[in-house]
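The entries below keep to what I looked up.

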Amino acid sequence: MENQSRVFAAIIPTAGRESVDNEAEHGLEVRAANRHSNRGREVQVTGTAEVCCPADRAAVRVSVGSSKESVNEATVSVSRRLEYILQAVRQHGVSDKDASVRRFLHREAEQYRMDAEVVVTFSDLEKMEQVCRVLVEKLDKSVCVGTPQYYHSAECLNRLRRRACVSAVENAQQKACEVSQLLGQTLGPPLLIREEETKEWMSENDEDGGGGQGAAALPHLPCRPTFTASSRVSVSFSLRDKSRKKL
């Protein structure tokens, strides 16, 4: 998970006018605003943060089929492999609620055809790789293991959105603290916290992005998407003179 921030600040005094020299180069703007005189001195800070995370879920579709002269033979053949698939999934700690099974029986010419598929949702991607490897090794051509479909769970997306907002506030508070120390002031409690803008987007990892031979040698591997959330907040803190605090 990555975190980037940009912070800007404005100091609002109780009265009078102050000039601006090279503060802009440091991301600060100092200005006078008599209309805020009844609120005392305060610092207004804008903080921006970005957080990102790759997909935390993967769904794998495993299908089996059998064509026999009787319904019972086709059903038994498929059921035997289905039981092995479900057993392998359970042995790797996947709950039954994360595996769904569908069966379909139909007629093909003079034979009966039974098709079935198991869709397994994994929260542990390492276990997903282990299960797929076991099924391919043990069942070979009698089973078809599909390409993993990666996605983000709702819990992951909500957690990232909250983290982006919290990180933006943390960055703003840290900058406001440094500004107040620079000006010989003591940072007081926040007066107002407002989330002014949120953005989010999905991107896929570039298989050739690493520039290595490994990425180019495995073009069949699916991309694992990355979700990024950004937040921009505006926070106002009260300021107190250090000398006044000592009194």
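Entry 1, the chain. I note at the outset that the model is predicted. I counted 5 helices and 10 strands in the protein chain. The chain has 247 residues, and 36% of them count as buried. I then looked up contacts with a separation of 6 or more, and found that residues 24 or more positions apart account for 76% of them.

I located Ala88 in helix 1, which spans residues 71–91. Is Ala88 buried or exposed? Its relative accessibility is 3%, and the cut-off for buried is under 20%, so I list Ala88 as buried. Leaving aside neighbours within four places in sequence, I found Ala88 in contact with Val131 and Leu135. I also looked up Gln130, 42 residues from Ala88 along the chain, and recorded a C-alpha separation of 9.6 Å between the two.

At what angle do the axes of helix 1 and helix 2 cross? I recorded roughly 150° for helix 1 and helix 2 (residues 125–139), whose axes come within 10 Å. Angles over 145 degrees count as roughly antiparallel, and I therefore describe the two helices in that way. The crossing of helix 1 past helix 2 is right-handed. On the helix 1 side I listed Arg81, Tyr84, Ile85, Ala88 and Val89 as making the contact, and on the helix 2 side Val131, Val134, Leu135, Lys138 and Leu139. I sorted these contact residues into 8 nonpolar, no polar and 2 charged.

Key: Residues numbered from 1 in each chain as written. Predicted model: local features only at pLDDT ≥ 70, side-chain atom pairs only at ≥ 80, totals over all residues. Heavy atoms only, no water. Helix = DSSP H or I, 4+ residues; strand = E, 2+ residues; numbered from the N terminus. Buried < 20%, exposed > 50% of the residue type's maximum accessible area, 1.4 Å probe, protein only. Contact = heavy atoms within 4.5 Å. Axes fitted to C-alpha atoms, helices over the stretch in contact; angles between N-to-C directions. Parallel < 35°, antiparallel > 145°, perpendicular 65-115°, else oblique. Left-handed = near helix turned anticlockwise from the far one by under 90°. Nonpolar A, V, L, I, M, F, W, Y, C, P; charged D, E, K, R; others polar.
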